[in-house]
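Dear colleague,

I am passing on the structure below, and after it you will find my notes on what came out of the analysis. Please read them beside the coordinates.

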Amino acid sequence: MADTTLRHRYWIFDMDGTLTDSMHIWAEVPYELVRSFGREPAADLGRVLLPMSAFETAQYLITAYDLPLTIDGYTRAAMDAVDRLYRGVSLKPGVADTLARLSDAGAQMCVCSATWQFMCERVLARLGVLDRFGFVLCSQGEGHTKHQPAVFHEALARLGGADPAGCMVCEDALYAARTARDAGFDVIGVADPASAPDEGAMRAVSSQFLASWEQLDWSRV
């Protein structure tokens, strides 16, 4: 493999839709959860739940499907459903080779994901790449959302950097890519079926937009 001299020493990766082919599981969670209790979900369940908050979704499913759950029990059951679905996901093509090459070139890398930290670590360990990352940061909760740049600055600082211009943020979601770009980070956009309608806007905010990690232009990283 050719030598790589990096312009960006620091790299922040989203997980779902960027490293892993897993965005689809979130739409599947209610179906998986309902079936785990021996009920058959309605075919249009996803459409029904679309405008609901997480709390409203829990209330609806417990009531509509007579699930033997409290709200706290629902949260645990939903996490179990996510865990089961994650067991079937894989890395996107080219990810393993990309991470290996970045690591060999001295990149400092982390994962910043809205998915729970422990779940990301479990998934990435199973897929054999967790050790490529210095840490996993969960970008949800108080003070942590990719709608604001603070989470990217926190990740960069934990990696040992200070200047966003020397850090590459890799995302499949437009809102997160735009937040990072507006804060001075460089951005690689990654195509995913879940974000396909935003491809034009993603291209506009990304220094590179990749249909696959195998397309990465190493002369620009």
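What volume does the largest pocket have? The figure is about 1,000 Å³, where a pocket is an open set of points on a 1 Å grid over the protein atoms alone, with protein on both sides within 12 Å along at least five of seven lines, and lining residues have an atom within 4 Å of a point. The volume is the space filled by probe spheres (1.4 Å) set on the points, which are joined across faces, edges and corners.

Before going further, please note that this is a predicted model, in which local features need pLDDT of at least 70 and side-chain atom pairs count only at pLDDT 80 or more, while totals for chains, interfaces and linings use all residues. Residues are numbered from 1 along each chain as its sequence is written, and side-chain values use heavy atoms, with hydrogens and water left out.

The lining of the largest pocket comprises 36 residues, and Trp-26, Ala-27, Val-29, Trp-116 and Gln-140 lie nearest its centre. Two or more lining residues come from each of H1 (24–36), H2 (45–49), H3 (54–64), H4 (71–86) and H8 (174–182), with H4 giving the most, 6 residues; helices here are DSSP runs of H or I with at least four residues, and strands are runs of E with at least two, numbered from the N terminus. By type, the lining divides into 22 nonpolar residues, 8 polar and 6 charged, where Ala, Val, Leu, Ile, Met, Phe, Trp, Tyr, Cys and Pro count as nonpolar, Asp, Glu, Lys and Arg as charged, and the others, Gly among them, as polar.

As for the protein chain, there are 9 helices and 6 strands, and 49% of its 221 residues count as buried, that is, under 20% relative accessible area with a 1.4 Å probe and protein chains only, whereas exposed means over 50% and partly exposed lies in between.

One of the helices, H5 (residues 95–104), has Val-95, Thr-98, Leu-99, Ala-100, Arg-101 and Leu-102 as its buried residues, and their cover includes strands S1 (10–13) and S2 (108–113). Just after H5, Gly-106 takes a positive phi of about 95°.

His-147 is found in the loop between strand S3 (136–138) and helix H7 (150–159), and counts as exposed because its relative accessibility is 54%. Leaving aside neighbours within four places in sequence, His-147 is in contact (heavy atoms within 4.5 Å) with Tyr-175 and Thr-179.

With best regards
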